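Trainee: I have a new model on my screen and would like to go through it with you. Let me ask my questions one at a time.

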Amino acid sequence: VKKRPDLTKLPSFRYPFSTKLSAQAIEEHANQRIEFERSEEFLAYCRIRKAQPLCEMWHEDLSPKEKIEFFMIKVFKGERISADRLKSLADLLDKPEARERLRYILRQSCLRSETTHLSSESFNELSEVLNTALRSAQKYKDYDTIVMIWEGSTRFVTEAKSRKFHLEERLKDAPVWEDIEFWNAAADLKAEEIVRDMYSNQKKDRCEKPQKLSRSKSLSLFEEKTEESARTSRELAAHAQKVKEGMLEWLPRTIFKMAESNLEIPNIFDFLKRLSTQHDFSTEEYRELEILLEKSISAKEALAAMEVAMNE
C-alpha cells in the first residue's frame with residue numbers, strides 16, 4: 001500500500017501578483033506545473049482523493065489545509081457543522097494557508113460550473129463559513145481571499161418558495177464592503193489579473209521577445225534600436241488598451257456593490273477618479289461611470305423606501 005503523499009510539501013504554483021511578470025517567467029511557471037501534474041506523487045494524491053476524500057474524520061493532527069477541506073466537504077454534502085466546529089473555524093482562518101486552501105476550493109468550484117445549485121442546508125453552512133472567512137481576511141488585509149469570495153458568491157444559488165437566492169445576498173452585510181481600502185486593492189488585483197491572463201493566452205511565438213534584427217549594410221544599429229523601441233511602444237499601448245477595456249467591463253458590478261454598501265459617496269467618486277487617471281479613461285467613459293453610480297444610488301434609495309413602506 002502506497003503511503004499517502006505529504007500534502008504540506010505539494011507546491012501551490014501560484015502566480016505572483018505583478019504586472020511586470022515576463023513571458024519567460026509565465027512559460028517556466030506553466031512548464032513546472034505541467035511537470036508536477038504528471039508526477040507520480042500528484043497522480044497518487046488524485047487517486048486517493050477520488051477513492052476516499054481526505055479529512056472526513058476530524059482530529060487535531062490535521063493541517064490547516066486539511067481542516068478547511070473537512071469543513072468544505074461537510075458543506076457541499078449538506079451535513080450540519082457543529083457549533084464547536086464553527087467556533088474553531090475563526091481561529092483556523094487566521095492562518096494564511098487555510099485561507100489559501102479555501103480560495104483554491106472556491107476557484108475550482110467556479111471553474112467546474114457557471115452556477116452551483118446547493119441544498120438549503122449547504123447554502124446556509126457555506127454562508128456561515130464565508131462570512132467568517134471575510135472577517136478573518138479583512139483583519140489580515142488578505143484581499144485575494146475577499147475578492148475570490150466576492151466573485152464566487154454569485155455562482156452559488158439555492159431555491160426556496162419558488163425563488164432563487166444567490167449567496168451574495170447572504171454576504172451583503174459584511175463590514176469589508178464598506179472599506180474603501182479593499183476596493184482600491186481589488187481594482188489593482190483586477191488589473192494585474194487582466195495582465196496575467198493576457199500574457200498566458202498569447203501564443204508561444206508571440207510571447208517570446210522579438211529577436212533583434214541582424215545588422216546589415218542597409219540597416220544601421222541606430223535604425224535597429226529605433227525599430228525595436230517603436231515595436232515595444234506599440235505593444236505597451238495595445239496592452240494598456242486591453243487593461244482599460246477589462247477594467248471598464250469590471251466596474252459596473254463593482255459600482256453597484258459599492259453603492260449598495262454604506263460607503264460614503266465622495267469616496268466612491270474619488271475611487272472612480274483614481275481609476276480614470278490610472279487607466280486613461282476618456283471623458284465620455286468617465287461620465288458613463290458617473291451616471292451609473294448615480295443610478296445605483298437612486299436604486300438603493302428606492303429599495304430602502306420600499307422596504308420601509310412594506311414594514312409599516
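**Charges, sheet and surface**

Trainee: Is glutamate 290 buried or exposed?

Mentor: Its relative accessible area is 16%. With a 1.4 Å probe and protein chains only as cover, buried means under 20%, exposed over 50%, and partly exposed in between. By that cut-off, glutamate 290 is buried.

Trainee: Good start! What kind of model is this, and from which number are residues counted along each chain?

Mentor: It is a predicted model: local features need pLDDT of at least 70 and side-chain atom pairs pLDDT 80 or more, while totals for chains, interfaces and linings use all residues. Side-chain values use heavy atoms, without hydrogens and water, and each chain is numbered, as its sequence is written, from 1.

Trainee: Back to glutamate 290: which side chain does it meet in a salt bridge?

Mentor: A salt bridge here is a side-chain nitrogen of Lys or Arg within 4 Å of a carboxyl oxygen of Asp or Glu. The N to O distance for this pair is 3.1 Å. The partner, partly exposed at 39%, is arginine 287.

Trainee: How many residues apart in sequence are arginine 101 and glutamate 69?

Mentor: Their side chains form a salt bridge at 3.9 Å, N to O. Arginine 101 sits in helix H5 (residues 96-112) and glutamate 69 in helix H3 (residues 64-77), so the bridge ties together separate parts of the chain. Arginine 101 is buried at 15%, and glutamate 69 is buried at 4%. Their separation in sequence is 32 residues.

Trainee: And which helix holds arginine 253, the salt-bridge partner of glutamate 168?

Mentor: The two side chains meet at 3.2 Å, N to O. The pair links distant parts of the chain, 85 residues apart, with glutamate 168 in helix H8 (residues 167-170) and arginine 253 in helix H11 (residues 221-260). Arginine 253 is partly exposed at 31%. The helix you want is H11.

Trainee: How many helices are there in the protein?

Mentor: Helices (H or I, at least four residues) and strands (E, at least two) are DSSP runs, numbered from the N terminus. By that rule there are three strands, and the helix count is 13.

Trainee: In what order do the three strands form their open sheet?

Mentor: Strands pair if DSSP finds at least two bridges between them. E1 and strand E2 (residues 156-160) run parallel, joined by two bridges, and histidine 117 has valine 157 in E2 as its bridge partner. Across the sheet the pairing is mixed, and the order is E1-E2-E3.

Trainee: Which residues contact glutamate 125, leaving aside neighbours within four places in sequence?

Mentor: Glutamate 125 belongs to helix H6 (residues 120-139) and is buried at 3%. Contact means heavy atoms within 4.5 Å. That gives Val75, Glu79, Arg80 and Ile81.

Trainee: Last one: what is the area of the nonpolar surface patch made by Leu303, Met306 and Met310?

Mentor: Patch members have over 30% relative accessible area and no salt bridge; like charges are joined within 9 Å and nonpolar side chains (Val, Leu, Ile, Met, Phe, Trp, Tyr) within 5 Å. Leucine 303, in helix H13 (residues 283-311), is partly exposed at 46%. Accessible areas come from the Shrake-Rupley method with a 1.4 Å probe, where for residues only the protein chains shown count as cover. The patch area is about 350 Å².
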